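Trainee: I should like to learn how to read a protein model. Where should one begin?

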Amino acid sequence: MMQTPPPTPDGFEDAFDPLFRRAFLVARRILGDPTSAEDVAAEAMARAFAHWSRIGDRPWREGWVVRVATNLAIDVARRGSRVSDRPTEPDTVTVDDHTDEVVVLRLTLVAALRRLPRRQREAVSLRYLAGLSEAQVAEAMQVSAGSVKTHLHRGVQRLRARLGEDVDRRLEVVGR
């Protein structure tokens, strides 16, 4: 005997497409691979469905979904990349000549992002990779705008220390 699926929570179907699109875009910026990004976005939406009663009517639900997608994408990149963890080497990825520069930038940035404290990583990812405003980041992280500015400043400073002064260019290239 077939069981009927549980009913869809109120508002989930209407919110699905725009939330999935945002989750996909941030995952694509981090991973560079549309297939993996789609898998990450689908998982983020599955988690949103499971928590819809808690996030569905909240103004920060988009930020919540993007944050989940960001963390999932970083986990996928971490498992798939071969970035050295030895502290004596810089955080760069060695690749052969026919690999696209953007892929190298993504992998290098993901390696540096995963070394940031969680709140700094979330703030930098939401602001620069997901393209949210500082106010939207504050709403998504459920902190004040001042805290977001602090996390962004400290996160970017740590990225600069690890990746060099061209971190702004890396964020810009990957964030497109």
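The dialogue below goes from the overall fold to single residues.

Mentor: Please keep in mind that this is a predicted model.

Trainee: How many helices and strands does the protein have?

Mentor: The secondary structure comes to 9 helices and 0 strands. Read from the N terminus, the order of elements is α-α-α-α-α-α-α-α-α. Of the 176 residues in the protein, 41% are buried. As for contacts between residues at least 6 apart in sequence, 67% of them join residues at least 24 apart.

Trainee: Which residues have the most contacts inside the largest nonpolar core?

Mentor: The general idea comes first: in soluble globular proteins, nonpolar side chains tend to be buried together. In this structure the largest nonpolar core has 48 residues, and those with the most contacts inside it are Ile30, Val65, Leu113, Val124 and Leu159. Helix H4, residues 61-80, gives the most to this core, with 9 residues.

Trainee: What span should helix H8 have, and what is the distance between its end C-alpha atoms?

Mentor: Helix H8 covers residues 145-163, which makes 19 residues; at 1.5 Å a residue it should span 27 Å, and its end C-alpha atoms are 26 Å apart, which agrees. Gly164 follows H8 and has a positive phi, near 100°.

Trainee: Which residues of H8 are buried, and which exposed residues lie on the face turned away from them?

Mentor: The buried residues in H8 are Val148, His151, Leu152, Gly155, Val156, Leu159 and Leu163. Because they cover an arc of only 125° around the axis, they are on the same side of H8. The face turned away from that buried side carries the exposed residues His153 and Ala161.

Trainee: At what angle do H7 and H8 pack?

Mentor: Two packed helices are described by the angle between their axes and the distance between the axes. Helix H7, residues 134-141, packs with H8 at about 100°, and the axes are 8 Å apart. H7 and H8 are therefore roughly perpendicular to each other. In this packing, Glu134, Val137, Ala138 and Met141 of H7 meet Ala145, Val148, Lys149, His151 and Leu152 of H8.

Trainee: Is Ser125 buried or exposed?

Mentor: Ser125, which lies in helix H6, residues 118-129, counts as buried at 0% relative accessibility. With neighbours within four places in sequence left aside, its contacts are Thr70, Ile74, Leu113 and Ala130.

Trainee: Where is Arg58 placed?

Mentor: Arg58 is in the loop between helix H3 and H4. Its relative accessible area is 41%, so Arg58 is partly exposed. Arg58 and Glu139 are 81 residues apart along the chain, and their C-alpha atoms are separated by 9.7 Å.

Terms used:
Residues are numbered from 1 along each chain as its sequence is written. This is a predicted model: local features need pLDDT of at least 70, side-chain atom pairs count only at pLDDT 80 or more; totals for chains, interfaces and linings use all residues. Side-chain values use heavy atoms; hydrogens and water are left out. A nonpolar core is a set of buried Ala, Val, Leu, Ile, Met, Phe, Trp, Tyr and Cys residues joined through side-chain atoms within 4.5 Å. Buried means under 20% relative accessible area, exposed over 50%, partly exposed in between (1.4 Å probe, protein chains only). Helices (H or I, at least four residues) and strands (E, at least two) are DSSP runs, numbered from the N terminus. The expected span of a helix is 1.5 Å times one less than its number of residues. The arc is that of the directions from the helix axis to the C-beta atoms. Axes are lines fitted to C-alpha atoms, for helices over the stretch in contact, and angles run from 0 to 180 degrees between N-to-C directions. Angles under 35 degrees count as roughly parallel, over 145 as roughly antiparallel, 65 to 115 as roughly perpendicular and the rest as oblique. Contact means heavy atoms within 4.5 Å.
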